[in-house]
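Look over the sequence and the model below before reading on.

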Amino acid sequence: MIDLRSDTVTKPTEEMRKAMYIADVGDDVYGEDPTVRELEETAAEILGKEAALFVTSGTQGNQIAVLTHCRPGQELLLEEESHIFYYESGAVAALAGVQTRTIPGQRGAMDPQDVLNAIRTEDIHFPETGLICLENTHNRAGGAVVPVENMKSIYNIAQANRVPVHLDGARLFNAAAAAGVDVKEFAKNTDTVQICLSKGLGAPVGSIIAGDAEFITTARKWRKRLGGGMRQAGVIAAPGLIALTKMKDRLGEDQWNARILAEAIEAIPGMKLARQPETNIIVADVEGLNMTSDIFVERLRAEGIISGTFGPTFVRFVTHYDVNEDQIQKAIEAIAKVARQ
Ligand code: TLP
């Protein structure tokens, strides 16, 4: 099977497995796991933030950020197809008790003027705007890179109105690789950032949230409340450290493979790209084949290729380090075969 469902499906490398075996560990709830501490310090430095916290998943990281920034009854501004709004099971309502106000985006980027217009003025009838969330790369916009300039404009507006900004940077390193800039350039236009170690970077588990020291202290308490205080977590922090320091330099390969796959899909009669890929996510429209995405994904699976539905006629393919160029060629042949059926 060639699994192109997501970059979450990668298996840990041999180096990661060895690092897990030899990891120095302690009880992290007491702050005594040296490997976790090293991971958090390294992540804070890479992201240009004061402090960082190792959390179980991207969803937990985003939710802890919302819980730490907001109070119940506040309003959260976010792009209408963002992961926090679309894919986190309504957690911001269920856990933080905030209401969401969505703003349409262009390739994942909100218009700063729309953000400004959505920030609430003081009025007895209104909820307070508690937080603005950004996402980069933007998953449902097909891995689109939200430009640094756009983030900067929104951050300036947020600061002028004393509203914090959180970045869901699950795939921030893919954005940095595609834009040819350091992740700090994105992160500096935010108060807090969440990055996933277990997507393109290939760690088996875990995410990081970073921000100022006070924020991280409160976030640590929220993590404990949510049952995310881990004990000898060095065994999972060790592959996370490898992901963070060694895996980012190969993300260009995933982008290259995504381009090859996208160009081939574009040439298949009846198929078209929902948008040109910028990073490692490809979204294809199969409407012209008179198939739903469910049927297409099922038939493609029968040919040994796993993809994911992304709407009634949209199919998503994600490249990652467990798929090489030969396997991309096999995937192309299988996609073309299904398209002819
Ligand atoms: N995304 C997953 C699914 O949940 C859709 C995927 O396969 O792409 N932010 C963004 C932008 C994400 O894409 C994801 C995962 C998360 C947060 C959540 O991360 P996890 O899965 O670690 O909770």
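Helices (H or I, at least four residues) and strands (E, at least two) are DSSP runs, numbered from the N terminus. The model is a predicted one, in which local features need pLDDT of at least 70 and side-chain atom pairs count only at pLDDT 80 or more, while totals for chains, interfaces and linings use all residues. Residues are numbered from 1 along each chain as its sequence is written, and side-chain values use heavy atoms, with hydrogens and water left out.

**Pockets**

A pocket is an open set of points on a 1 Å grid over the protein atoms alone, where a 1.4 Å probe fits and protein lies on both sides within 12 Å along at least five of seven lines; lining residues have an atom within 4 Å of a point. A volume is the space filled by probe spheres set on the points, which are joined across faces, edges and corners. In the lining counts, Ala, Val, Leu, Ile, Met, Phe, Trp, Tyr, Cys and Pro are nonpolar, Asp, Glu, Lys and Arg are charged, and the others, Gly among them, are polar.

The largest pocket has a volume of about 340 Å³. Its lining has 27 residues, and H83, N139, R171, K199 and R316 are those nearest the centre. By type, the lining holds four nonpolar, 16 polar and seven charged residues. At least two lining residues come from each of α3 (58-69), β9 (192-196) and β14 (308-309), and α3 has the largest share, with three. Domain 1 (7-248) and domain 2 (250-340) each supply at least three residues of this lining; the domain bounds come from an automatic or database domain assignment.

The second largest pocket holds about 220 Å³ of space. T68, H69, P164, D191, T192, D212, E214, F215 and T218 form its lining, which divides into two nonpolar, four polar and three charged residues.

**Backbone angles**

Most residues other than glycine have a negative phi, and most peptide bonds are trans.

| Residue | Phi |
|---|---|
| R107 | about 50 degrees |
| N290 | about 55 degrees |

R107 sits in the loop between β5 (105-106) and β6 (109-110). N290 belongs to the loop between β12 (281-285) and α13 (293-302). Burial is judged by relative accessible area: under 20% is buried, over 50% exposed, and in between partly exposed (1.4 Å probe, protein chains only). R107 is partly exposed at 34%, and N290 is exposed at 74%.

The peptide bond between N136 and T137 is cis, with omega about -5 degrees. T137 lies in the loop between β7 (129-135) and α7 (148-160).

**Two helices**

The expected span of a helix is 1.5 Å times one less than its number of residues. Helix α12 (residues 251-266) has 16 residues, so it should span 22 Å, and its end C-alpha atoms are 23 Å apart, which agrees. Among the buried residues of α12 are L251, D254, N257 and A258. Elements covering the buried residues of α12 include α8 (172-179), β15 (314-318) and α14 (325-340).

T42 is part of helix α2 (residues 34-47). Is T42 buried or exposed? T42 counts as buried, at 19% relative accessibility. Leaving aside residues up to four places away in sequence, T42 touches L241, L244 and T245, where contact means heavy atoms within 4.5 Å.
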